[in-house]
Amino acid sequence: MKKYSVLAWSMVVALGGFLFGFDTAVISGAEKSIQQFWQLSSFQHGFTISIALIGTVIGSLIGSRPSDHFGRKNTLYFVAIAYLLSSIGTALAGDWSVFLAFRFLGGLGVGISSVTAPIYISEISPAHKRGRLVGLFQFNVVLGILISYLSNYLISQGGDSSWRWMLGVQAFPSFLFFVLIYFIPESPRWLILKKGATESALKILKVINPLNCEEELAAIQNSALKSSSGNEENLFSRKYKTPVMLAILFAFFNQVSGINAIIYYAPRIFEMAGLGAHSSLLSTVGIGMINFIFTLIAINFIDRIGRRVLMLVGSFGLIASLFLVGFTFYTENFSGFAIPAYMMLFIAFFAFSQGAVIWVFISEIFPNSVRAKGQTLGSSTHWIMAAVIAFCFPYLAETLGGATTFFFFAAMMVLQLIFVWKLMPETKGKSLEQIGTNLIMH
């Protein structure tokens, strides 16, 4: 059993990623029915769709506090309860304001889980498997998106109230997540740093790394002594400037690739390219499938060839695919399925690089004492940029046109390539303590 314990614990916590993906995407199938049910104006409708994203931004900003104060495990209990109440509350809501409150609660759960789940998995993973195990979180996010599309399609045949079932069905995996959290241990690094519970931590480390558990314990204790003299650590002190810069830039580039614009507005982009409305179903399921397959491939390579190689390959692919989309809009040569094909190529390269690497890399680069704060910084940068891009894209596409918009995204990916080539360190196969020490010294 011990051999598979770390994998089992990671899979339980990665279920939070599944709920994150499901909760984010499920609204796409219900939004028209919700608008009709409450007779919402376009402003009210936009607010209804974006309220969860607002909750996500706030959840990601505050995520480090419960994670550091109450522990990673107890914070995951809160996340599970937030998902459970959100799914039941939105399914049964008789009033629009009640619906909004429960969607906001689900968004909070997404934001906090994007901080806590990658931290937890990175802190319980052996160095040589950490990329794959933290990558399970992103894999489950993508799986959640795909299953929500499929679930919406199947439930949509159920008549006028089918939107309630679309949102309510999430209660089942949420309850399962809540029950399974009971069976995972607390993070040994949190136990040592925040509680001084060395014996409890050592028991868990013996399961994670039976051969070198004593050395790992000493390294964690040593990093705790170095980093703090009982004072609250300031993430923005000069010694942490390298990991802070890496986290902000990594999360920034993740979103200026245009990924959320493409996920949220794929049908609109295809219609801009002169394709009929029937292609929107093809686009969502097709994009979901490509995202899923290439995330799975990336997870199998992330510990073998490293984070940096995935990012270099991905950057070249993203530049090429975005340039091709922009060029097609520029020449207005919309014959055949050129735009959908280039979009699928974009999604494949994104899933293989940024999509798979972001949560792994940000969860690795901060020392133990400020890891939760660092993950919060990276996660909140990601979600704030996601909100900005999602809100700006329709305006940019309308005023500047498809060509200029996609050339802008391509130019941003050229900058990402320079960032990866010149600044991004390789973290493959190193312990969290080694990575933290290396980045502080630079």
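This is a predicted model: local features need pLDDT of at least 70, side-chain atom pairs count only at pLDDT 80 or more; totals for chains, interfaces and linings use all residues.
Local features here need pLDDT of at least 70, side-chain atom pairs count only at pLDDT 80 or more, and totals for chains, interfaces and linings use all residues. Residues are numbered from 1 along each chain as its sequence is written, and side-chain values use heavy atoms, with hydrogens and water left out.

**Salt bridges**

A search of the whole structure turns up ten salt bridges, each being a side-chain nitrogen of Lys or Arg within 4 Å of a carboxyl oxygen of Asp or Glu. Three of them are set out here.

| Pair | N to O distance | Helices |
|---|---|---|
| R371 and E123 | 2.9 Å | α17 and α5 |
| R130 and E364 | 2.9 Å | α6 and α16 |
| E216 and R189 | 3.0 Å | α11 and α9 |

The helices named here are DSSP runs (H or I, at least four residues), numbered from the N terminus.

Take R371 and E123, whose closest N and O atoms are 2.9 Å apart. R371 sits in α17 and E123 in α5 (residues 96–124), so this pair ties together parts 248 residues apart in sequence. Are the two partners buried or exposed? R371 is buried, at 0% relative accessibility, and E123 is buried too, at 1%. Buried means under 20% relative accessible area, exposed over 50%, and partly exposed in between (1.4 Å probe, protein chains only).

Next come R130 and E364, which meet in a salt bridge at 2.9 Å, N to O. With R130 in α6 (residues 130–155) and E364 in α16 (residues 338–364), the pair links parts that are 234 residues apart in sequence. R130 counts as buried at 1% relative accessibility, and E364 does at 0%.

E216 belongs to α11 (residues 213–227) and R189 to α9, so the bridge joins parts 27 residues apart in sequence. Both E216 and R189 are buried. Salt bridges with shared partners also join R130, R132, D303, R307 and E364 into one network.

Just after α9, G196 takes a positive phi of about 65°.

**A helix pair**

How do α4 and α8 pack? Helix α4 (residues 72–92) and helix α8 (residues 171–181) have axes 8 Å apart, at an angle of about 160°. Axes are lines fitted to C-alpha atoms over the stretch in contact, and angles run from 0 to 180 degrees between N-to-C directions. That makes α4 and α8 roughly antiparallel, a label for angles over 145 degrees. Their crossing is left-handed, meaning the near helix is turned anticlockwise from the far one by less than a right angle.

**On the surface**

F43, F47, I54, I58, L61, I62, I384 and V388 form a nonpolar surface patch, with about 680 Å² of accessible area together. Patch members have over 30% relative accessible area and no salt bridge, with nonpolar side chains joined within 5 Å; areas come from the Shrake-Rupley method with a 1.4 Å probe. Helices α2 (42–62) and α17 (371–422) each supply at least two residues, and the largest share, six residues, comes from α2. I62, found in α2, is partly exposed at 38% relative accessible area.

K32, in helix α1 (residues 2–37), is exposed at 60% relative accessibility. K32 and H45 are 13 residues apart in sequence and 8.9 Å apart in space, C-alpha to C-alpha.

Key. Patches are made of residues with over 30% relative accessible area and no salt bridge: like charges are joined within 9 Å, nonpolar side chains (Val, Leu, Ile, Met, Phe, Trp, Tyr) within 5 Å. Angles under 35 degrees count as roughly parallel, over 145 as roughly antiparallel, 65 to 115 as roughly perpendicular and the rest as oblique.
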